[in-house]
Amino acid sequence: MGSTIMTPRPAEQNSVQKKKHYVVKVNSIDRLTHDVLRIDTEKPEDYTFLPGQATEVAIKKPGWANELRPFTFTNLSHDSHLEFIIKTYPSHKGMTNQLLDLKIGDKLILGRPFGAIKYSGEGIFIAGGAGITPFISILKDLERKQSLGQNRLIFANKTKADIILEEDFSKLLGPNVINILSEEKIAGYHHGLITKDFLLAHIKEFNSRFYLCGPPVMLTALLNLLHDLGVKDEFITREKMD
Ligand SMILES: Cc1cc2nc3c(=O)[nH]c(=O)nc-3n(C[C@H](O)[C@H](O)[C@H](O)COP(=O)(O)OP(=O)(O)OC[C@H]3O[C@@H](n4cnc5c(N)ncnc54)[C@H](O)[C@@H]3O)c2cc1C
């Protein structure tokens with residue numbers, strides 16, 4: 001998934017809006033779960049993004065500056081900093097493994113914001129694991145606008161320990177958040193994969209908007225299920241996240 005960073009041409013150095021990449025310092029790092037980090041960085045002047053958007057990120061250190069990986073902003077554009085929530089994969093021996101050694105004051109290289117997930121009205125959000133990240137900033141934005149309404153979240157994880165920001169979602173959405181765990185049976189949590197029966201049991205109206213984000217296998221399965229249940233593609237917003 002990596003790509004190469006282009007060196008900015010001199011003309012771009014003066015215009016933040018046109019820059020291809022930005023160097024920011026890490027302000028803080030904390031662990032949200034056993035393998036998920038929350039990284040707070042400086043925000044370049046005039047850098048703006050929409051809730052749900054992502055950017056490419058590399059670590060500014062020898063051997064890693066060209067290893068760009070996409071990550072989603074999990075705060076809001078008007079904040080004075082940037083925030084990312086990142087699941088780490090030590091077994092890949094890739095960039096997210098390097099993030100485990102990141103320290104306050106280290107530097108990251110960011111690209112321009114991009115992304116397919118954009119809020120277009122009340123609906124049902126379905127996330128798998130780190131696929132929750134675009135929905136974090138979208139839901140924060142709706143909360144800020146006091147427009148959470150009847151938006152609902154179905155959040156699929158392997159175990160309870162994998163659930164990112166469980167308490168925050170519970171506070172934000174109350175009964176409108178449904179957790180389902182594929183590898184753990186615990187009272188109060190649904191168990192298994194998301195199936196047609198599960199969707200039928202929890203969703204009354206299929207003429208609703210759906211926002212999907214998760215691993216490719218989950219996304220393909222969900223798309224098939226939703227199509228089966230009569231949901232048209234124009235009501236489905238989706239992003240694949242490995
Ligand atoms: C638009 C978008 C937004 C995203 N936003 C986020 C986000 O906000 N938070 C988040 O956590 N993730 C997000 N992701 C996913 C994130 O980009 C990947 O998890 C990340 O790129 C993984 O980087 P890596 O270097 O650790 O591993 P990779 O680049 O996946 O892999 C590095 C190397 O490891 C090996 N490898 C790959 N898969 C495996 C495997 N299963 N087992 C063993 N070895 C393997 C391969 O040799 C590969 O070259 C997003 C993805 C997209 C497309």
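A: Start at Ala127: skipping its neighbours within four places in sequence, this residue is in contact with Ile132, Phe135, Leu153, Phe155, Ala156, Cys213 and Gly214. Bear in mind that we're looking at a predicted model. Ala127 also belongs to the largest nonpolar core, a set of 51 residues, where Ala127 is listed with Phe84, Ile126 and Phe135 as having the most contacts inside the core. In soluble globular proteins, nonpolar side chains do tend to be buried together. This core draws on both domains, taking at least three residues from each of domain 1 (10-110) and domain 2 (123-240).

Those two domains come from the domain assignment of the chain. Their C-alpha centres sit 25 Å apart, and the contact between them takes 13 residues from domain 1 and 14 residues from domain 2.

Now for the ligand. Domain 1 and domain 2 each give residues to the shell around the ligand, so the ligand lies between them. That shell has 23 residues, and the closest are Arg69, His92, Gly94, Thr96 and Thr133. Elements giving two or more residues to the shell are strand 4 (69-72), strand 5 (81-87) and helix 2 (95-99). By class, the shell splits into 11 nonpolar, eight polar and four charged residues.

Note on methods:
Residues are numbered from 1 along each chain as its sequence is written. This is a predicted model: local features need pLDDT of at least 70, side-chain atom pairs count only at pLDDT 80 or more; totals for chains, interfaces and linings use all residues. A residue is near a molecule or strand if its C-beta atom, placed from the backbone, lies within 6 Å of it. Helices (H or I, at least four residues) and strands (E, at least two) are DSSP runs, numbered from the N terminus. Ala, Val, Leu, Ile, Met, Phe, Trp, Tyr, Cys and Pro count as nonpolar, Asp, Glu, Lys and Arg as charged, and the others, Gly among them, as polar. Domain bounds come from an automatic or database domain assignment. Two residues are in contact if their C-beta atoms, placed from the backbone, lie within 7 Å. A nonpolar core is a set of buried Ala, Val, Leu, Ile, Met, Phe, Trp, Tyr and Cys residues joined through C-beta atoms within 7 Å. A residue is buried if 20 or more other C-beta atoms lie within 10 Å of its own, exposed if 12 or fewer, and partly exposed in between; C-beta atoms are placed from the backbone.
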